[in-house]
Amino acid sequence: MVQMNANFQKLPGSYLFSEIARRVSAYTEANPDKKLIKLGIGDVTLPLPAAVTAAMHAAVDEMATAGGFHGYGPEQGYAFLRDAIARQDYQDRGVSIQPDEIFISDGAKSDCGNIVDLFGLDNKVAVCDPVYPVYVDTNAMAGRAGDFNEATGRWSNLVYMPCVAENGFLPELPREDVDMIYLCFPNNPTGAAATKEQLLPWVEYANRTGAVLLYDSAYETFITTPGVPHTIYEIPGAETCAIEFRSFSKTAGFTGTRCAYTVVPKALVRQGLSLNAMWNRRQCTKFNGVPYVVQRGAAAIYTPEGRAQVQANLAVYQENARVIREGLAAAGLTVSGGVDSPYVWAQTPNGMGSWAFFDRLLKEANVVTTPGAGFGPSGEGYIRLTGFGEREATRQAVERIRGVL
Ligand code: PLP
């Protein structure tokens with residue numbers, strides 16, 4: 001009889017988004033006349049920039065010619081895209097990342113999940129709480145998380161780093177030794193961003209102990225505050241301890257088009273092994289690259305027109321986040337995030353539970369949010385709202401919430 005991976009049975013159900021969908025559909029069935037506004041979504045709503053679609057059209061036409069047809073591409077990504085990323089996202093910022101340290105992929109979600117292939121099962125994993133669930137679940141599937149405790153909402157072998165109001169939603173170095181440390185800035189779900197000074201102790205810790213930082217920077221383009229680093233490699237020493245994940249999903253509307261990249265510096269070596277060489281081996285074995293047409297579309301983001309169009313879309317989401325942040329604060333809620341991030345993290349009034357407040361906003365304001373408790377125990381007492389909605393609907397939703405409060 002085949003032996004199955006028993007770790008899958010330890011996973012709790014994907015409660016958060018299915019439970020939200022269940023409550024929303026129960027409410028709309030009972031109240032078909034009510035028009036809901038969704039501010040819970042993490043998906044973008046604006047179409048792809050014109051420079052991107054023009055490049056993709058041209059690439060499709062190329063594919064129809066004998067000379068321009070592309071079959072299997074390099075597993076690591078085409079040089080035209082890796083070169084543009086190395087130059088514009090890193091070297092122009094004074095960071096010496098090279099094209100062969102950049103691996104193009106179909107998503108930061110896949111890469112954050114697949115990276116665990118590189119690490120032994122006995123490593124101690126540290127995650128923020130609340131957290132993007134992929135880091136936790138992929139380690140649980142691999143057998144690194146131990147057992148899930150329904151009562152505490154925590155896995156027995158993971159080290160949780162609470163990110164709460166008292167520490168400005170920034171994790172503190174764990175007291176016990178940890179080996180794989182997931183950091184995500186700007187953060188999903190809290191919207192917190194970390195400065196160079198706040199990141200430096202993590203880089204020092206990882207270099208001193210031999211840990212590895214797994215730095216998720218999927219929301220990097222939302223950074224506007226001077227002094228907030230755009231890449232972990234702006235921190236001296238990060239190239240010997242950190243892997244960075246980036247995505248075009250929220251940057252340029254690629255959530256459905258799928259393109260992202262991961263940086264694994266050549267200087268990152270553990271137990272005599274190059275993580276760059278290991279990731280290259282892993283990708284060449286299990287991945288056959290991102291479509292040529294999609295990579296041409298992604299490369300168009302690095303043209304002057306592409307950049308301007310991306311910035312115009314970002315400005316809409318940033319303005320939405322501002323409207324949410326300021327509107328909810330004016331209504332008396334304690335809010336954070338929404339400045340260097342599309343996410344606004346709002347404390348529930350009078351110590352109300354996340355789900356109770358979610359229900360109240362659903363029924364009384366007809367606005368859908370995301371209960372913070374779904375991202376981990378320390379998310380209890382919060383809701384997450386996103387700036388990815390339409391401009392007018394976002395404004396209306398904030399008005400409705402203010403009316404209710
Ligand atoms: N990392 C974080 C923190 C995210 O919130 C998301 C998407 O919501 C991703 C990664 C996934 O990005 P991608 O669409 O590139 O898979």
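**View 1. Two cis prolines in loops.** Pro186 sits in the loop between β7 (180-184) and α7 (196-209); helices here are DSSP runs of H or I with at least four residues, strands are runs of E with at least two, and both are numbered from the N terminus. Its peptide bond, from Phe185 to Pro186, is cis, with omega near -10°. As background, most peptide bonds are trans.

A quick note on what you're looking at: this is a predicted model, where local features need pLDDT of at least 70, side-chain atom pairs count only at pLDDT 80 or more, and totals for chains, interfaces and linings use all residues. Residues are numbered from 1 along each chain as its sequence is written, and side-chain values use heavy atoms, with hydrogens and water left out.

**View 2. Gln271 and its positive phi.** Gln271 isn't a glycine, yet it has a positive phi of about 50°. Look for Gln271 in the loop between β11 (269-270) and β12 (273-274). For context, most residues other than glycine have a negative phi.

**View 3. Around the ligand.** Which residues are closest to the ligand? They are Ala108, Asp216, Tyr219, Ser247 and Ser249, out of 14 residues that surround it (a heavy atom within 4 Å). Asp216 puts a polar side-chain atom 2.6 Å from a ligand nitrogen. Ser247 has a side-chain N or O atom 2.6 Å from an oxygen atom of the ligand. For Lys250, a polar side-chain atom lies 2.9 Å from a ligand oxygen.

**View 4. A salt bridge from Lys10 to Asp147.** Lys10 and Asp147 form a salt bridge (a side-chain nitrogen of Lys or Arg within 4 Å of a carboxyl oxygen of Asp or Glu). Their closest N and O atoms are 3.4 Å apart. Lys10 is in helix α1 (residues 7-10) and Asp147 is in the loop between α6 (133-142) and β4 (148-149), so the pair ties together parts 137 residues apart in sequence. Searching the whole structure turns up 18 salt bridges.

View 5. The domain assignment, which is automatic or from a database, gives domain 1 (12-47 + 305-404) and domain 2 (53-303). Their centres, taken over C-alpha atoms, are 26 Å apart. The contact (heavy atoms within 4.5 Å) takes 29 residues from domain 1 and 39 residues from domain 2. About 2,700 Å² is buried between the two domains, with carbon and sulfur atoms giving 57%; buried area is the accessible area (1.4 Å probe) lost on putting two parts together, summed over both. Arg307, Asp340 and Phe375 supply 24% of the area that domain 1 buries against domain 2, more than any other three residues.

**View 6. Polar pairs and elements at the domain interface.** How many salt bridges cross the interface of domain 1 and domain 2? The rule finds zero, but it does find 13 residue pairs in polar contact, both residues at pLDDT 80 or more. A polar contact is a pair of N or O atoms within 3.5 Å; within protein, one must be able to donate a hydrogen and the other to accept it, and residues adjacent in sequence count only if both atoms are side-chain atoms. On the side of domain 1 that touches domain 2, α11 (304-330) is one of the elements giving two or more residues, and its seven residues are the largest share.
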